[in-house]
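Reader: Please take me through the sheet in this model, strand by strand where you can. Then cover what packs around it and how the copies relate. Cut-offs once each, please.

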Number of protein chains: 2
Amino acid sequence: MRIIQSGFGAVGQSLAGLLESRDDIYTKYGIMTKFVAISDSGGTIHDESGLDPARMIQKKRQEGTISDSKKSISSIIQNMDADVLIEATPSNYIDGEPGMTNIITALKRGIHVISVNKGPLALALPSLVEMAVYNGVYLRFSGTVGGGTPILNYAKKSLRGERITSFRGILNGTTNYILTSMGGGMSFEEALGDARGRGYVEADESLDLDGWDVAAKLTILSNWVMNQKTTIHQVERDGIRDVTQQDIQRSTERGNAIKLVANCNDVISVGVEDVPFDDPLCIHGTLNAASFTSEHSGTQTIIGRGAGGIETASSVLRDLLDIRQVVTK
Amino acid sequence: MRIIQSGFGAVGQSLAGLLESRDDIYTKYGIMTKFVAISDSGGTIHDESGLDPARMIQKKRQEGTISDSKKSISSIIQNMDADVLIEATPSNYIDGEPGMTNIITALKRGIHVISVNKGPLALALPSLVEMAVYNGVYLRFSGTVGGGTPILNYAKKSLRGERITSFRGILNGTTNYILTSMGGGMSFEEALGDARGRGYVEADESLDLDGWDVAAKLTILSNWVMNQKTTIHQVERDGIRDVTQQDIQRSTERGNAIKLVANCNDVISVGVEDVPFDDPLCIHGTLNAASFTSEHSGTQTIIGRGAGGIETASSVLRDLLDIRQVVTK
């Protein structure tokens with residue numbers, strides 16, 4: 001498979017390293033991968049005969065960018081021979097760019113798309129899905145929700161034969177870490193400072209603290225799992241900035257913890273809620289959790305790491321296998 | 001699909017009711033189901049043109065058995081035209097009968113098998129899988145682990161592209177309920193009495209209390225998920241009879257709860273362990289939980305109801321869809 005990858009940050013580099021290290025992807029699944037172009041914020045690099053992943057990672061570390069070409073990534077996607085675009089530029093919830101243009105260009109040319117960028121999906125998932133179907137290609141995005149934990153896949157494939165009637169989840173590790181620290185006695189500012197120090201907080205802090213990241217993931221879930229045609233603008237959204245140490249203590253006394261919960265039933269909303277300590281959803285630290293309630297099987301909760309370069313890269317690998325299975329049928 | 005069902009207890013009746021009530025199984029999946037024979041402990045009933053599920057449930061309730069034929073279930077499986085056997089007789093860990101003979105007879109005749117009976121699988125899963133492969137049919141058993149919670153399917157399908165390196169789980173709701181009650185202050189005898197009163201304990205109490213049920217589920221998991229060729233005799237097995245109120249208190253003081261944990265890594269074992277309160281595996285009441293640790297994605301825990309007639313019936317429906325998808329390819 002000839003891969004164009006837009007974005008070469010933590011996930012992009014982890015993926016390059018993963019594909020490089022796993023010989024069994026060819027021996028076990030028959031998939032030969034080749035990066036024919038990569039972009040980062042500094043520019044692009046491309047080679048019809050394939051780029052060496054290890055050298056790209058090294059170049060990025062040494063020079064800060066892989067750039068050595070004057071071509072833009074959009075003209076590369078428009079013109080180069082490729083099977084799949086892996087879109088891994090940063091999420092942008094204003095207009096979704098540059099990911100939006102990258103994805104649309106690829107889909108229209110009949111190139112499969114795997115996106116770990118939530119921006120374009122949160123803003124336009126219904127129409128992007130339609131565009132993929134119309135052009136006979138696959139749009140996959142397992143890594144956007146739950147990092148390496150296959151939450152979307154679980155809901156879509158493991159619960160076949162049943163209707164999922166509602167969903168609740170804790171989908172942002174950073175805010176859950178801050179709320180957990182506050183449960184241990186820290187003030188909001190102290191907990192935020194600690195999370196910043198550990199590198200958990202996005203450069204644009206509002207994405208975490210004001211619930212944008214959760215709202216984006218919830219939009220993706222509601223479309224993919226619940227068959228709703230929604231965008232991020234339909235999500236009732238609130239964050240954790242107003243949670244005080246007093247709120248936390250009052251909640252603890254009642255046997256609960258305050259969590260930033262994403263809900264999908266009649267309404268789609270993100271906001272702080274009391275969650276009982278013995279609810280499986282009540283997870284601590286940077287973990288993520290998703291509870292699906294289905295017709296016959298009750299409520300099922302899946303818990304795992306929500307982020308991380310190598311974890312998210314493993315979900316891209318699953319998407320590659322998924323696409324390949326379909327293509328080779 | 002022409003179905004022979006051996007066993008007509010809680011799961012069998014729930015499945016008959018489920019298939020009867022869900023018109024969309026035909027409209028959505030194109031699957032037309034027909035029970036051509038059913039057995040229970042009283043005997044058998046069969047009709048080439050199909051048995052009415054609602055009437056069978058009513059007959060069972062009114063007469064205590066569906067029996068109206070002199071034919072044995074094994075001769076029916078041997079001779080009747082059918083696509084799939086649903087094996088739902090009680091689990092027996094001595095020789096696996098009558099399920100063992102039912103399953104082997106069906107596989108040899110080229111009839112797919114869905115088993116919710118753990119006995120034959122715990123005793124001989126490696127050879128039964130081989131027999132299914134050799135005869136070109138499918139052997140499925142989603143309902144044997146986790147009831148309606150698709151634990152086996154999750155591990156097998158949602159984590160594609162990764163190796164699962166180890167497994168831990170709480171796989172028996174009855175013992176977890178008893179240990180949870182003891183955590184609330186009851187003695188072992190009181191907690192057992194309470195669980196009996198609620199109908200949670202198997203007629204043969206040893207299956208729950210001495211870890212046989214967990215060992216059987218663990219055997220199935222280790223074969224299906226970890227590709228080990230094991231039988232229940234290789235499981236190091238211990239139960240909960242020796243847990244005292246003192247043990248519970250000592251554990252609580254350390255921030256832990258005592259749980260009956262199934263482990264699969266270098267050894268395969270079932271025994272009581274301290275589990276920290278903030279470990280996602282530390283679930284309460286009758287819930288089940290399974291934690292898989294994989295190569296790239298860390299530890300992922302899935303939590304849900306572990307038993308129940310309708311929940312387990314929903315997993316049989318998933319197996320039917322799984323088989324059908326393959327058959328119609």
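Author: In this predicted model, an open sheet of 12 strands runs in the order S8(A)-S10(A)-S9(A)-S7(A)-S11(A)-S12(A)-S12(B)-S11(B)-S7(B)-S9(B)-S10(B)-S8(B). The pairing is mixed. Strands (E, at least two residues) and helices (H or I, at least four) are DSSP runs, numbered from the N terminus. Two strands pair if DSSP finds at least two bridges between them. The edges are strand S8 (236–237) of chain A and strand S8 (236–237) of chain B, and each pairs on one side only.

S8(B) pairs with strand S10 (residues 268–276) of chain B in the parallel sense, over 2 bridges. There, B:Arg237 has B:Val270 in S10(B) as its bridge partner. S10(B) also runs antiparallel to strand S9 (residues 256–264) of chain B, joined by 9 bridges. One of the partners is B:Ser269 in S10(B), bridged to B:Asn263. S9(B) and S10(B) form a hairpin, with 3 residues between them.

Now the helices on the sheet. Contact means heavy atoms within 4.5 Å. Axes are lines fitted to C-alpha atoms, for helices over the stretch in contact, and angles run from 0 to 180 degrees between N-to-C directions. Helix H8 (residues 173–183) of chain A lies across strand S7 (164–170), strand S9 (256–264) and strand S11 (287–294) of chain A. H8 of chain A runs at about 160° to S9(A). Helix H7 (residues 151–158) of chain B packs on the sheet too, touching strand S12 (298–305) of chain A. In chain B, H7 touches strand S7 (164–170), strand S11 (287–294) and strand S12 (298–305). Its direction makes about 15° with that of S11(B).

Next, the copies. They are superposed by least squares on the C-alpha atoms of residues with pLDDT of at least 70 in both. Chain A can be laid on chain B with an RMSD of 0.0 Å, by a turn of 180° and a shift of 0.0 Å along the axis. That is the relation of a two-fold axis. Of the residues of chain A, A:Ile302 comes closest to the rotation axis, at 2.2 Å (C-alpha). The same surface serves both copies: 100% of the contact residues of chain A recur in chain B.

Some conventions. Residues are numbered from 1 along each chain as its sequence is written, and chains are lettered from A and ligands numbered from 1 in the order in which they are written. Local features need pLDDT of at least 70, side-chain atom pairs count only at pLDDT 80 or more, totals for chains, interfaces and linings use all residues, and side-chain values use heavy atoms, with hydrogens and water left out.
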